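Trainee: I am new to this structure and would like to learn how to read it. Please show it to me.

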Amino acid sequence: MVNIILKESRLLNLLGLEEKDLNDVLFNLKSEVEKRGEDELEIEINSDRLDMLSPEGIKRAVDGILGRKLGEAKYEVVPTDYQLIIEDVESRPYALGAIIYDVKLDDDRIREIIQFQEKLHCTIGRKRKKVAIGIHDLDKIDSKVIKYTKVPLDYKFVPLNANKEMTISEVLTSTEQGKLYGSISIKDSYSPVIMQDDGQVLSIPPIINSNKTRVDSSTRNLFISYCRSTNVGYFS
């Protein structure tokens, strides 16, 4: 089971349900709801329904069980002129990227996205050992060419929520994320890195993003990065 916390008023509005109906509908989807505070719910999601770790995922499931919409969700896919160049990174050899246009964010949506990201990290990502996902403000990236490569630990960048440059070694020893995840993908004193083609760091997966592409309520377009190790079997 995975527990998520959501704003009740936003969820009810999104689902088009009354409070009295929410428990029954979610129970039919193998989920349980507990009230927390005036406008907050804790929802226990069954481990085989990781698609329901976000309000929008819950909405798709509720629409299906109520017969409002049937079949697989459809999304418009359009070409992009961005490129992700993947170089040889032995410790974490696979990477993917996606561009998402025209998002509408506020503080609540950002918290939901970050929660969704972290719950995926903890479940199918095996606490980031298998998979790490990065979420970036696309419009803060200065290049149409993005590289996945490796750099030495003395390479510098400004990590998320920091206001000065740090070496990767400093990030590993002085930040919470570095202490938790720094040992996962460092190999031979090199770290995986996602960067612009001019060398500016966007992320050192699976540890932390750069502050350069921090997402906020003004963000309208996203770059999503996905880096994984060789063995990603869900049950392995």
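Trainee: Which residue is the bridge partner of Ser203 in strand 12?

Mentor: Strands of a sheet pair through backbone hydrogen bonds, either parallel or antiparallel. Here the partner of Ser203 is Asn209 in strand 12. Strand 11 (residues 201-204) and strand 12 run antiparallel and are joined by 2 bridges. Two strands pair if DSSP finds at least two bridges between them. Strands (E, at least two residues) and helices (H or I, at least four) are DSSP runs, numbered from the N terminus. This is a predicted model, in which local features need pLDDT of at least 70 and side-chain atom pairs count only at pLDDT 80 or more, while totals for chains, interfaces and linings use all residues. Residues are numbered from 1 along each chain as its sequence is written, and side-chain values use heavy atoms, with hydrogens and water left out.

Trainee: In what order do the strands of the open sheet lie?

Mentor: The order is 4-7-10-11-12, an open sheet of 5 strands with mixed pairing. Strand 4 (83-86) and strand 12 (208-209) are at the edges; each has a single partner strand, so one side of each lacks a neighbour in the sheet. Strand 4 runs parallel to strand 7, with 4 bridges; Gln83 has Val145 of strand 7 as its bridge partner. Strand 7 and strand 10 (residues 190-196) run antiparallel, with 7 bridges, and Thr149 is paired with Val193 in strand 10.

Trainee: Where is Tyr155, and what does Tyr155 touch?

Mentor: Tyr155 is in the loop between strand 7 (145-152) and strand 8 (156-157). Its relative accessible area is 24%, so Tyr155 counts as partly exposed (buried is under 20%, exposed over 50%, partly exposed in between, with a 1.4 Å probe and protein chains only). Leaving out residues up to four places away in sequence, Tyr155 is in contact (heavy atoms within 4.5 Å) with Met166, Thr167, Ile168, Met195, Gly199 and Val201. The Tyr155 side chain comes to 2.8 Å from the backbone oxygen of Gly199, although the C-alpha atoms of these two residues, 44 residues apart along the chain, are separated by 9.9 Å.

Trainee: How many residues are in the largest nonpolar core?

Mentor: In soluble globular proteins, nonpolar side chains tend to be buried together. A nonpolar core is a set of buried Ala, Val, Leu, Ile, Met, Phe, Trp, Tyr and Cys residues joined through side-chain atoms within 4.5 Å. The largest one here has 21 residues, and Leu11 and Leu22 are among those with the most contacts inside it. Another core, of 14 residues, lies apart from it and includes Met166 and Ile204.

Definitions and conventions
Polar contact = N/O pair within 3.5 Å; in protein donor to acceptor, adjacent residues only side chain to side chain.
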